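I opened this notebook to keep track of what I looked up, one topic at a time. The entries follow the order in which I went through the model.

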Amino acid sequence: MESRNHDIEGAAANPCSYAPLPPADADGLAPVKRRPFGVFTGIASAIGLFALLLLLLVGNDGSATNRPVDHEEAVSRTPEAWSRGVSDGVSEKSVRSFLGAVKQYDWTNDMLWWQRTAYHFQPEKNWMNDPDGPLFYKGWYHLFYQYNPDSAVWGNITWGHAVSRDMVHWYHLPIAMVPDRWYDINGVWTGSATFLADGKLVMLYTGSTKESVQVQNLATPADEDDPLLLDWVKYDGNPVLVPPPGIGPKDFRDPTTAWSAPDGSWLLSIGSRVNTSGLALVYRTRDFKTFDLLDGVLHAVPGTGMWECVDFYPVSTSGGRGLDTSANGPGVKHVLKASLDDDKHDYYAIGTYQLEANTWTPDDPEIDVGIGIRYDYGKFYASKSFYDQERKRRVLWGWIGETDSERNDLRKGWASLMAMPRIVTFDNKTGTHLLQWPAEEVDQLRREMKEFSDVEMNPGSVVPLDVGVAAQLDITAEFEVSKEALEAIMEADVGYNCSTSDGAAGRNKLGPFGLLVLADESRSEQTAVYFYVGKNADGNLKTFFCQDTLRSSRANDLIKRVYGSVVPVLDGEKFAVRVLVDHSIVEAFAQGGRTCITSRVYPTKAINGAARVFLFNNATGTQVTATSVKIWQMSSAFIRPYDFQAQSA
């Protein structure tokens with residue numbers, strides 16, 4: 001596709017000096033002098049020249065540039081060489097190194113063709129990763145995303161662009177921004193959109209320079225009257241922010257949406273680390289061209305490593321409507337989320353933001369960012385939320401990577417997709433969790449529905465559900481275990497963990513029980529979505545919500561795991577789950593979205609018309625009742641290129 005970037009005369013000639021890095025203590029934050037870090041801030045030219053030379057000598061580690069990847073070259077690589085992105089100072093964007101030297105499965109083109117999803121957003125071809133700058137503008141929802149226009153593997157990162165009226169049906173648009181300046185030549189990386197008080201739109205994004213230094217850049221729409229936002233202008237004073245003293249040149253990325261302060265200035269956060277402490281810096285600006293680094297940090301957690309794709313936003317403690325990013329005051333909590341580069345998961349915590357002190361404090365330090373609750377316990381990363389001013393709600397996008405082999409991605413011609421858009425609200429019942437639920441527009445894809453009520457599931461039983469073809473489904477289910485059975489359980493199960501368990505094959509008095517999706521008739525392939533109830537040493541019940549992909553495919557050149565975590569099930573609540581099935585992705589939401597799990601699965605038998613759905617109860621001594629199961633067939637979304645000729649006719 002044609003690039004629509006405007007050429008900024010003289011931009012490449014704009015010099016930028018990077019501050020030298022003072023030593024830091026073993027695991028904390030080195031004391032640094034705070035000062036503005038706009039492009040032309042008063043760093044002495046001699047120091048700047050020295051720092052730049054230093055970076056040229058030791059900062060540029062000789063890693064490969066962000067060039068297009070040749071298909072034959074990539075296919076011939078050993079598994080150890082499949083890891084991408086880390087040498088460029090960006091999160092691991094491929095998991096193929098975990099596969100080891102496994103023999104390739106005999107995939108057919110039909111099997112690979114079937115893996116492409118029908119109603120989840122993904123580009124027409126090639127690689128995608130992080131969502132960027134999602135927003136609603138003049139009647140359209142916009143989704144920008146990290147994209148490689150040349151290959152189905154990570155590299156040559158540009159900004160893809162799509163628009164939608166409902167976040168379900170999408171139009172592909174021309175590429176929004178390409179790496180064509182010295183300050184972003186190694187990648188136009190993750191960024192966020194901010195609406196100013198007068199309604200104007202600005203976009204801040206991370207660029208990787210020709211020396212692989214991470215800097216922040218400003219871009220604005222070329223035509224504010226264009227609802228499609230086709231053309232973007234990069235500010236000729238870029239970069240507007242460079243790594244401050246004490247921060248590594250590859251540890252400074254992914255600016256958040258800005259929020260306003262009472263004095264009319266704007267604040268935004270950027271993820272970073274000092275040694276093994278992950279942290280969020282805060283900058284103040286009035287024009288998005290010059291910035292002051294505030295004293296201290298918004299928050300830091302030792303041992304959590306690099307924080308990338310930081311998100312910071314308010315939620316109403318009364319639930320319901322979402323809040324504009326600048327909201328604060330009584331009845332408002334703030335969510336701080338970080339994507340941990342070390343383990344590739346998105347963690348969040350709920351707490352209190354003190355604007356004047358530039359601090360955020362978690363309500364419960366035991367479940368702080370990086371050590372507590374995750375958005376999703378499966379394959380879900382680099383998420384970004386935005387405030388939908390049209391519908392007064394907070395919308396969350398997340399990137400879903402692949403767990404197959406890179407060789408197969410190249411054969412398919414594409415890799416990765418987006419989770420369905422989720423609406424985020426505060427969980428008033430627990431006070432500790434968020435609720436994530438598919439946007440109501442997803443429901444418009446529902447077609448014929450079959451309902452099953454009061455299905456008795458004896459211990460060790462599997463119950464087939466006659467719903468016809470089961471490749472594209474929306475399932476809601478509620479399960480009930482008698483109060484007597486819950487009270488009668490004696491053994492403690494304090495050591496249970498979804499990820500280290502035997503999955504759906506493991507057995508206990510009260511589980512596992514739930515659903516088998518994308519299963520063939522003989523269940524030689526199946527993906528299990530289930531609950532497992534144990535008892536703590538203190539005698540209290542503890543419910544786990546898990547997703548087992550160990551038997552999801554007969555292929556061996558995949559990563560197959562059991563995902564999951566604890567889900568609070570309160571008194572009077574049934575065990576409730578919603579599952580979205582779409583060919584090679586399964587998204588599951590337990591207890592109204594308190595705990596979510598997304599997995600990628602690649603069936604070889606349960607494809608085309610062979611996919612089925614089952615209920616199962618693998619408990620050893622307790623009957624479970626599926627009190628209500630509703631299964632909708634889901635139609636495909638219309639995701640296609642925007643027809644400019646038809647629209648102009």
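What follows are my entries on strands, salt bridges and surface charge.

**Ground rules.** I noted that this is a predicted model, in which local features need pLDDT of at least 70 and side-chain atom pairs count only at pLDDT 80 or more, while totals for chains, interfaces and linings use all residues. Residues are numbered from 1 along each chain as its sequence is written, and side-chain values use heavy atoms, with hydrogens and water left out.

I then looked at one pairing (two strands pair if DSSP finds at least two bridges between them): β1 (residues 126-137) and β2 (residues 140-148) are antiparallel and share seven bridges. Within this pair, Trp 127 has Asn 148 in β2 as its bridge partner.

I next asked how many of the nine residues of β16 are buried. Eight of them are, so this strand, residues 332-340, is largely enclosed by the rest of the structure (buried means under 20% relative accessible area, exposed over 50%, and partly exposed in between, with a 1.4 Å probe and protein chains only).

I counted a salt bridge where a side-chain nitrogen of Lys or Arg lies within 4 Å of a carboxyl oxygen of Asp or Glu, and the structure holds 30 of them. In one of these, the side chains of Lys 234 and Asp 184 meet at 2.7 Å, N to O. Lys 234 lies in β8 (residues 232-234) and Asp 184 in the loop between β4 (170-177) and β5, so the pair ties together parts that are 50 residues apart in sequence. Lys 234 and Asp 184 are both buried.

I also looked up Arg 600 and Glu 402, whose side chains meet in a salt bridge at 2.9 Å, N to O. Arg 600 belongs to β35 (residues 595-600) and Glu 402 to the loop between β21 (393-400) and α4 (406-412), so this pair ties together parts that are 198 residues apart in sequence. Arg 600 is buried, with a relative accessible area of 2%, and Glu 402 is buried with a relative accessible area of 2%.

I noted a salt bridge between Arg 446 and Asp 474, with the closest N and O atoms 2.9 Å apart. The pair links distant parts of the chain, Arg 446 being in β26 (residues 446-457) and Asp 474 in β28 (residues 472-481), 28 residues apart. Asp 474 is buried, with a relative accessible area of 0%. I then turned to β37 (residues 624-634), where ten of the eleven residues are buried, so the strand is largely enclosed by the rest of the structure. β37 runs antiparallel to β26, joined by nine bridges, and pairs with β28 in the antiparallel sense, over nine bridges. Trp 632 in β37 is the bridge partner of Met 449, and Trp 632 is also the bridge partner of Asp 474.

I found a network of salt bridges linking Asp 388, Arg 391, Arg 393, Glu 440 and Glu 441. Arg 391 sits in the loop between β20 (381-388) and β21, and is partly exposed, with a relative accessible area of 34%.

Key. Helices (H or I, at least four residues) and strands (E, at least two) are DSSP runs, numbered from the N terminus.
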